[in-house]
Amino acid sequence: MKIKPIIIYSLVLLLSCSSSIFKGPYVDPVLEYAYDDWKTECKSRKIKLRHNTCDLDSILYDVLDEGIWGRCFGNKIVINRLAVAPTDTFLIKLIMYHELGHCAFDYGHIDYGVDIMNSVLPVNKIIAYKWFWDLLKEDYFMRYQLPKTRQRLKQGNSYGEVCIQSET
Ligand SMILES: [Zn+2]
């Protein structure tokens with residue numbers, strides 16, 4: 001009686017996240033270096049990518065509404081190509097970490113102090129994120145919890161919310 005669920009569970013695992021099938025999300029070439037940076041940081045902390053990104057289908061450099069820099073749609077991340085120049089490498093990395101915070105780690109927003117998960121990242125303060133990047137990155141990864149122990153955010157709760165916005 002107990003064997004059936006195990007078989008089903010193994011099959012689901014095999015079809016979704018097995019190492020032989022799992023190739024990770026499609027990443028737009030413009031954004032690849034930022035995703036690679038995040039992956040390297042994960043690996044150095046022994047965070048398994050497969051467990052965190054197997055629901056993630058693609059990371060795109062595409063069009064979003066004006067004033068929005070990035071958004072996590074659950075299985076898809078979009079960075080707004082109308083708002084972020086491909087040459088703005090730090091900003092792209094910051095948005096990448098923020099959106100992967102939602103999509104891969106189920107992080108919500110943190111709206112006190114300077115934090116990668118701030119819901120609004122004002123244009124004129126991006127320099128502060130750059131200065132404190134190493135510390136911000138430590139804070140970001142300190143919050144990491146294994147998928148099975150974290151409480152997953154429900155669809156439509158934080159996923160679709162407006163992320164990083166420019167403040168005028
Ligand atoms: Zn956000």
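**Entry 1: strands**

I looked up strand 1 and strand 2 and found two bridges joining them, in parallel. Strands here are DSSP runs of E with at least two residues, helices are runs of H or I with at least four, and both are numbered from the N terminus. Two strands pair if DSSP finds at least two bridges between them. Y26 has S58 in strand 2 as its bridge partner.

I note that this is a predicted model, in which local features need pLDDT of at least 70 and side-chain atom pairs count only at pLDDT 80 or more, while totals for chains, interfaces and linings use all residues. Residues are numbered from 1 along each chain as its sequence is written.

Next I checked strand 2 (residues 58-62) against strand 4 (residues 76-80). They run parallel and share five bridges. D62 lies opposite N80 of strand 4.

**Entry 2: the chain as a whole**

I counted six helices and four strands in the protein chain. Along the sequence the pattern is α-β-α-α-β-β-β-α-α-α. Of the 168 residues, 27% are buried. Buried means that 20 or more other C-beta atoms lie within 10 Å of the residue's own; exposed means 12 or fewer, and partly exposed is in between, with C-beta atoms placed from the backbone.

From first C-alpha to last, helix 4 reaches 21 Å, close to the 21 Å expected at 1.5 Å a residue. The expected span is 1.5 Å times one less than the number of residues.

I looked up the largest nonpolar core next. Of its 31 residues, L31, I79, I92, I95 and M96 touch the most other members. Such a core is a set of buried Ala, Val, Leu, Ile, Met, Phe, Trp, Tyr and Cys residues joined through C-beta atoms within 7 Å. Helix 4 gives the largest share of this core, eight residues.

I followed L31. Leaving out residues up to four places away in sequence, L31 touches I59, Y61, I79, I92 and M96. Contact means C-beta atoms, placed from the backbone, within 7 Å.

**Entry 3: helix 2**

I listed the buried residues of helix 2: A34, Y35 and W38. They cover an arc of only 100° around the axis, which puts them on the same side of helix 2. The arc is that of the directions from the helix axis to the C-beta atoms. On the other side of helix 2, I found D36, T40, K43 and S44 exposed. The cover over the buried residues of helix 2 includes strand 1, strand 2 and helix 4. Just after helix 2, K46 has a positive phi of about 60°.

**Entry 4: F105**

Where is F105? I placed F105 in the loop between helix 4 and helix 5 (126-131). F105 counts as buried, with 21 C-beta neighbours inside 10 Å. Not counting residues up to four places away in sequence, F105 touches N52, L100 and Y144. F105 and Y144 are 39 residues apart along the chain, yet 6.8 Å separates their C-alpha atoms.

Definitions and conventions:
Two residues are in contact if their C-beta atoms, placed from the backbone, lie within 7 Å.
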